[in-house]
Amino acid sequence: MQVNVSSRGLSLAPKVPVFFDVLKDLWDPESNPNGTVNLGLAENSLTHTELKEYINSKPRADYHSLTYGDGFSGSKNLKKALCHFMNRHFHPYRTLIPAHMCITSGASNAIENCAWALCDPGDCILVGRPYWTTFRSIFGNRAGVNIIEVNFGAIDPFSLEAVEEYGKAFIKATEQGQKIKAVLLCSPNNPLGRCYPAEVLKAYMKLCQKLNMHLISDELYALSVWDNPEYENPTPFTSVLSIDTENLIDPEKVHAVWGMSKDFGATGLRIGTLISQSNTTFLEACESISLFSFPSSLADNAAASLFLDEGCSDHLVSLNRSRLSENYQHVVKALRGHGIPYKNSNAALFVWVNLGAVVDREKMSDEVILQTLRREKLYITSGSTYASEQAGWFRIVFAHPKHVLDEGLKRLIRAIM
């Protein structure tokens with residue numbers, strides 16, 4: 001039988017995300033009571049009502065919004081507005097200006113721009129475990145850049161000792177003939193929900209300078225840092241943009257990514273930004289391929305309006321943090337009540353739980369647990385999805401209304417207890 005598709009197409013076809021099927025059958029207590037409860041996809045619906053009301057209260061379009069605008073890397077208005085917003089919330093050491101950024105259709109596009117403009121096909125990026133393994137697709141599917149995983153064993157992934165493991169991984173890969181171009185950090189971390197201390201970020205900068213690597217900081221959850229009453233001395237968020245790079249790293253090697261998907265619960269707006277304050281050539285390279293990643297002019301217009309409205313944007317950030325804290329405590333109370341271990345966190349939208357600790361491990365591997373949960377029509381993701389070094393761990397997203405969380409937790413307990 002002749003297959004009328006390229007070998008490349010055949011290789012990509014099996015990689016369609018599982019959650020696509022989940023989204024077609026979402027649970028609703030009235031319209032679809034037998035649907036799937038989604039606590040796996042990292043979407044944040046906690047400020048949807050307020051954000052929808054704000055966007056709908058504004059003029060939805062002008063003539064400029066119906067054109068290519070000022071080019072394919074974001075309008076002048078959005079770049080100015082985003083600089084205004086990020087200068088207030090990310091506390092950059094050098095004030096952000098529009099020339100420092102390239103606007104993309106979501107943060108994933110911004111990260112892929114790093115693959116295209118910092119790497120050649122076959123080059124490699126170092127990423128510590130566990131991590132969001134979709135990075136493999138973002139770097140690999142089109143740009144042909146490889147991910148090399150860094151193992152930590154018993155070492156705290158957020159410690160200075162962990163930085164040394166990156167150095168060891170670099171040496172090993174180089175000896176094997178691989179070319180390492182960058183360290184990629186997810187800061188705050190997905191799936192662990194923790195922040196990197198400032199001194200650790202500085203150590204990464206020193207390492208990258210020593211080994212001639214770029215440092216890419218994916219700061220997509222930067223403003224989703226919240227209060228956890230049971231977490232003593234949690235590490236606050238520090239942006240790489242806020243660090244004085246003198247005597248640490250050539251600033252041309254430091255790049256940050258942010259977007260509206262998580263902190264504003266706006267995955268559908270598709271607004272991301274790539275920031276590089278000292279590497280004009282890099283941003284020009286991104287500009288040259290911006291045809292493939294530019295955002296909708298309508299979304300551009302809505303985002304610019306929000307970022308310039310300090311009262312509304314600050315309110316949404318504060319509201320998001322408060323509701324995330326409340327929902328986290330709601331979920332972990334249920335976990336504690338059933339003796340399910342979890343890791344303390346204070347950032348992002350999820351909690352890292354050890355379901356393996358409460359099942360018969362001889363009978364229920366991680367895959368069997370997932371299959372059991374799917375029979376209960378509950379979607380969460382396993383640690384293997386994040387290249388976890390330890391079996392039994394799963395990620396539960398809690399940035400949903402409480403009735404959704406309660407239904408999901410009910411199905412979880414019914415499945416494994």
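This is a predicted model: local features need pLDDT of at least 70, side-chain atom pairs count only at pLDDT 80 or more; totals for chains, interfaces and linings use all residues.
## Charge and surface

The chain carries 40 positive and 44 negative side chains, and the centres of these two sets are 3 Å apart. Lys and Arg are counted as positive and Asp and Glu as negative, while His and the chain ends are not counted. Each charge is placed at NZ of Lys, CZ of Arg, CG of Asp or CD of Glu.

Residues are numbered from 1 along each chain as its sequence is written, and side-chain values use heavy atoms, with hydrogens and water left out.

## Overall dimensions

Along its principal axes, the C-alpha trace spans about 60 × 60 × 55 Å.

Of the 417 residues, 54% count as buried. Buried means under 20% relative accessible area, exposed means over 50%, and partly exposed lies in between (1.4 Å probe, protein chains only). Among contacts between residues at least 6 apart in sequence, 75% join residues at least 24 apart; a contact means heavy atoms within 4.5 Å.

## Covered strands

The chain has 13 helices and 12 strands. These are DSSP runs numbered from the N terminus: helices are H or I with at least four residues, and strands are E with at least two. Two strands pair if DSSP finds at least two bridges between them. Strand 3 (residues 124–128) has 5 of its 5 residues buried. Cys 124, Leu 126 and Gly 128 lie on one side of strand 3, with Ile 125 and Val 127 on the other. Strand 3 runs parallel to strand 4 (residues 146–150), joined by 5 bridges, and Val 127 stands opposite Glu 149 in strand 4.

In strand 7 (residues 254–259), 6 of 6 residues are buried. Val 254, Ala 256 and Trp 258 point one way, and His 255, Val 257 and Gly 259 point the other way. Strand 7 pairs with strand 6 (residues 214–218) in the parallel sense over 4 bridges, with Val 254 as the bridge partner of Leu 215. Strand 7 is also joined by 4 bridges to strand 8 (residues 272–275), and these two run antiparallel. Here Gly 259 stands opposite Gly 272.

An open sheet of 3 strands has the order 9-12-11 with antiparallel pairing. Its edge strands, each pairing on one side only, are strand 9 (350–354) and strand 11 (381–382). Strand 9 and strand 12 (residues 393–397) pair over 5 bridges, and Val 351 stands opposite Ile 396 in strand 12.

Met 364 is in the loop between strand 9 and helix 12 (366–375). Met 364 is buried, with a relative accessible area of 16%. Leaving aside neighbours within four places in sequence, Met 364 is in contact with Val 359, Ile 369 and Thr 372. Met 364 and Gly 392 are 28 residues apart in sequence, with a C-alpha to C-alpha distance of 9.4 Å.

## Backbone exceptions

Most residues other than glycine have a negative phi, and most peptide bonds are trans. Arg 129 and Pro 130 are joined by a cis peptide bond, with omega about -10 degrees; Pro 130 lies in the loop between strand 3 and helix 6 (134–140). The peptide bond from Ser 187 to Pro 188 is also cis, with omega near 0 degrees, and Pro 188 is in the loop between strand 5 (180–186) and helix 8 (198–211).

Asn 247, in the loop between strand 6 and strand 7, has a positive phi near 65 degrees and counts as exposed at 73% relative accessibility. Ala 387, in the loop between strand 11 and strand 12, has a positive phi of about 55 degrees and is buried, with a relative accessible area of 7%.
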